[in-house]
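Keep the structure open while reading.

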Amino acid sequence: MELADPDVPLLPTDPDHVPDIPAAPAGPPTTPKAPARRRSLLTISIAVVAILAGSGLFVSGYSLGRHAAGEPGTAASDSQAFQPFWDTYHSISDRYAGGTVDKISVIQGAIRGMIDSLGDPYSAYLSAEDYRKSLQGISGQFEGIGAEITSRAGDGSDGCAPIGPGCQLVVTRPIPGSPAATAGVEPGDVVVVVDGAAVDGLDVDGALGRIRGKKGTVVKLALQRDGRPVELAITRDVVQEEEVETRVLAGGAVGYLRLSGFSDASADAVVDALKSHLAAGRTKVILDLRGNPGGYVTAARKIASQFIGAGVLFWEQDAQGTQVPTEALGDGVATDPKVQVVVLIDHGSASASEIVAGALQDTKRATLVGQQSFGKGTVQQWQQLSGEGGAFKLTVARWLTPSKRWIHSVGLTPDVVVALPDPLPTGADPDLAKALEVLGAAPTGVAYRAAA
C-alpha cells in the first residue's frame with residue numbers, strides 16, 4: 001500500500017496474511033488531484049469532518065518483503081559498476097575530516113538515493129518512525145485522541161474556514177472506547193483552545209495538527225459545552241478508526257455503506273453491515289468508495305468476494321510479465337444477483353478501491369456511478385531493513401482487472417458519469433442521488449461526511 005500516491009493493495013503488511021495472497025501483487029494510491037468538492041483525498045465533500053489523530057500514510061498495494069538473511073556482498077559481475085560506490089563510501093569512512101561520520105546515516109542516505117534514482121513516486125525509503133506510522137495508517141489505526149470534528153458555521157452548515165467568531169470547531173462524535181470518549185468529550189463540544197493556544201484563524205487540518213500526537217503524550221483542550229467552559233487533559237493513544245459507515249436510505253429500501261479505508265477491521269465491518277441489511281430484507285446496496293485511497297489487498301479481496309461468488313477478482317503481473325490470478329473467496333453474503341449493487345467512485349478512489357470497483361464492473365456485478373477514479377495500477381512491496389535502518393517500498397508488480405485492463409494513470413470510467421456543479425451547493429450530493437435513481441429508489445437528502 002502506499003501513501004497519497006495510491007498504491008494497489010495486494011499483501012497486507014502483516015506477515016501473518018502473506019499466505020492469503022500471492023507474493024507478487026499489483027497495486028494502488030498517490031495524492032490525487034481533488035475536485036472542487038474535495039480538499040484532499042481524505043476530505044470528502046463539503047462537510048469537513050476529521051479524526052483528531054496522528055496521521056498515517058493513506059496507502060495501499062503493499063506487501064511485506066521478507067528480510068534477506070546474511071550479507072549478500074557485491075557479485076563479481078557487478079564489481080566494476082559498484083567500485084565507485086565503495087570508493088566513495090570508504091573515502092567518507094576513512095578520510096572525511098569535517099566531523100564524526102555517522103555510518104548509519106551515510107548508508108541510509110545511499111539507500112534513499114538508490115530508490116529516488118528510479119523516479120517512481122510509489123517507491124521510497126522511510127525512516128523507522130515513518131515506516132511505523134505508515135503501517136498504522138494502512139491498518140486503519142492512528143495516534144491521537146479519537147474524536148471526529150468539523151468546522152461549523154452559525155447557520156449550522158459544515159466546512160467553513162477559518163475558525164473564528166462565525167465558524168466554530170465542533171466535535172461531532174468521540175469514537176467509542178477512545179481516549180476522547182474516556183475523558184468525557186461529548187458531541188457538540190466546541191474546541192476553543194489547544195494546549196494554551198486558541199484555534200482561531202486555523203482550518204480543520206491546522207487544528208488537527210495541534211490536537212493529534214504521539215501515543216502517551218497529553219493534550220489539554222479548553223471546550224465550550226452548552227455555554228459553559230470545560231477543560232480536559234487527554235492522553236493520546238493508538239485508536240482503531242471506524243472505517244465503515246452504514247445507514248438506511250429511501251425509506252428503508254436501500255442499504256448504504258461508506259468505506260474510508262481497507263483494513264482487516266473494515267472488511268469484517270462491511271461483512272457485518274451487509275448481513276444486517278440483507279437480514280432486514282434489503283436487496284439494494286450502495287457501496288461508497290469516494291475519496292478512499294486504499295489499504296490492504298486482503299481486505300479488498302474479502303470485500304469484493306462478498307458480491308462476487310467465484311472467478312478472478314484481479315491479476316498480478318510481475319517484472320517478468322508472469323500473470324497470477326487472485327480469485328474470489330467463495331464465502332460472500334451478497335452474491336445473489338437479486339441484490340442490486342451500485343458503487344460510488346471519484347477522483348479520490350484509488351488502489352484497493354479500484355481493485356474492488358474494477359472487479360465488480362468487469363463481472364457486471366455492480367454499476368459504477370460518479371467520476372473517473374484516480375488510476376493506480378502498481379503494487380509496492382515493503383522490505384524492512386536491519387537495525388534502525390527503516391524500510392523501503394518498491395514497485396514490484398502491476399495489477400489488472402479481471403478482463404486484464406491496466407488502469408494505471410487512467411482510472412476506471414463509471415458506467416454512469418455524474419458531472420458535479422462547481423461550486424457544489426451545500427448539502428447536495430448528485431452522486432448519491434444518481435445512485436438511488438439507478439436503483440429505482442427515490443432520491444433522499446443525505447449529508448456526506450468523511451473522516452480525515
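## The disulfide

A disulfide is a pair of cysteine sulfur atoms within 2.5 Å. The model is predicted, and it holds one such link. Cysteine 160 and cysteine 167 are the partners, with an S to S distance of 2.0 Å. The link is right-handed, with 90 degrees about the S-S bond.

Are the two cysteines buried or exposed? Buried means under 20% relative accessible area. Cysteine 160 has 18%, so it counts as buried. Cysteine 167 is buried too, with a relative accessible area of 4%.

## Cis prolines

A cis peptide bond joins alanine 161 and proline 162, with omega about -5 degrees. Proline 162 sits in the loop between strand S4 (141-153) and strand S5 (167-174).

Aspartate 422 and proline 423 are also linked by a cis peptide bond; here omega is near 5 degrees. The loop that holds proline 423 runs between strand S20 (416-417) and helix H9 (430-438).

## Overall make-up

The protein chain has nine helices and 21 strands. Of its 452 residues, 50% are buried. Consider contacts between residues at least 6 apart in sequence: 73% of them join residues at least 24 apart.

## The largest nonpolar core

The largest nonpolar core has 40 residues. Which members touch the most others? They are Phe262, Leu287, Ile303, Val343, Val356 and Leu360. On the helix side, H6 (264-279), H7 (297-305) and H8 (352-362) each supply at least two residues. The strands that do so are S12 (254-259), S13 (284-288), S14 (312-318), S16 (340-345) and S19 (391-400). H8 gives the most, with six residues.

Leucine 287 shows how the pieces meet. Leaving aside neighbours within four places in sequence, leucine 287 contacts Leu257, Ile303, Phe307, Val342, Val343, Leu344 and Val356.

H6 and H7 pack with their axes 8 Å apart, at an angle of about 10 degrees. Angles under 35 degrees count as roughly parallel, so H6 is roughly parallel to H7. From H6, the contact uses Asp264, Ala267, Asp268, Val270 and Val271. Their partners in H7 are Thr298, Ala299, Lys302 and Ile303.

H7 also packs against H8. Their axes come within 9 Å and cross at roughly 25 degrees. H7 is therefore roughly parallel to H8. The crossing is right-handed. Val297, Ala300, Ile303 and Ala304 of H7 meet Ala352, Ile355, Val356 and Leu360 of H8. Ile303 is listed in the H7 contact with H6 and in the contact with H8.

## The H1 and H2 pair

How do helix H1 (residues 79-95) and H2 pack? Their axes lie 11 Å apart, at an angle of about 155 degrees. Angles over 145 degrees count as roughly antiparallel, so H1 is roughly antiparallel to H2. H1 passes H2 in a right-handed crossing. Phe85, Tyr89, Ile92 and Ser93 of H1 make the contact with Lys103, Val106, Ile107 and Ala110 of H2.

Alanine 110 lies in helix H2 (residues 103-116). At 25% relative accessibility, alanine 110 counts as partly exposed. Tyrosine 89 is 21 residues away along the chain, and the two C-alpha atoms are separated by 9.3 Å.

The loop between S19 and S20 holds lysine 404. Phi of lysine 404 is near 70 degrees, a positive value in a residue other than glycine. Lysine 404 has a relative accessible area of 41%, so it is partly exposed.

Serine 409 is in the loop between S19 and S20 as well. Serine 409 is not a glycine, yet its phi is positive, at about 65 degrees. Is serine 409 buried or exposed? Residues over 50% relative accessible area are exposed. Serine 409 has 62% relative accessibility and therefore counts as exposed.

Terms used:
Residues are numbered from 1 along each chain as its sequence is written. This is a predicted model: local features need pLDDT of at least 70, side-chain atom pairs count only at pLDDT 80 or more; totals for chains, interfaces and linings use all residues. Side-chain values use heavy atoms; hydrogens and water are left out. A nonpolar core is a set of buried Ala, Val, Leu, Ile, Met, Phe, Trp, Tyr and Cys residues joined through side-chain atoms within 4.5 Å. Buried means under 20% relative accessible area, exposed over 50%, partly exposed in between (1.4 Å probe, protein chains only). Helices (H or I, at least four residues) and strands (E, at least two) are DSSP runs, numbered from the N terminus. Contact means heavy atoms within 4.5 Å. Axes are lines fitted to C-alpha atoms, for helices over the stretch in contact, and angles run from 0 to 180 degrees between N-to-C directions. Angles under 35 degrees count as roughly parallel, over 145 as roughly antiparallel, 65 to 115 as roughly perpendicular and the rest as oblique. A crossing is left-handed if the near helix is turned anticlockwise from the far one by less than a right angle, and right-handed if clockwise.
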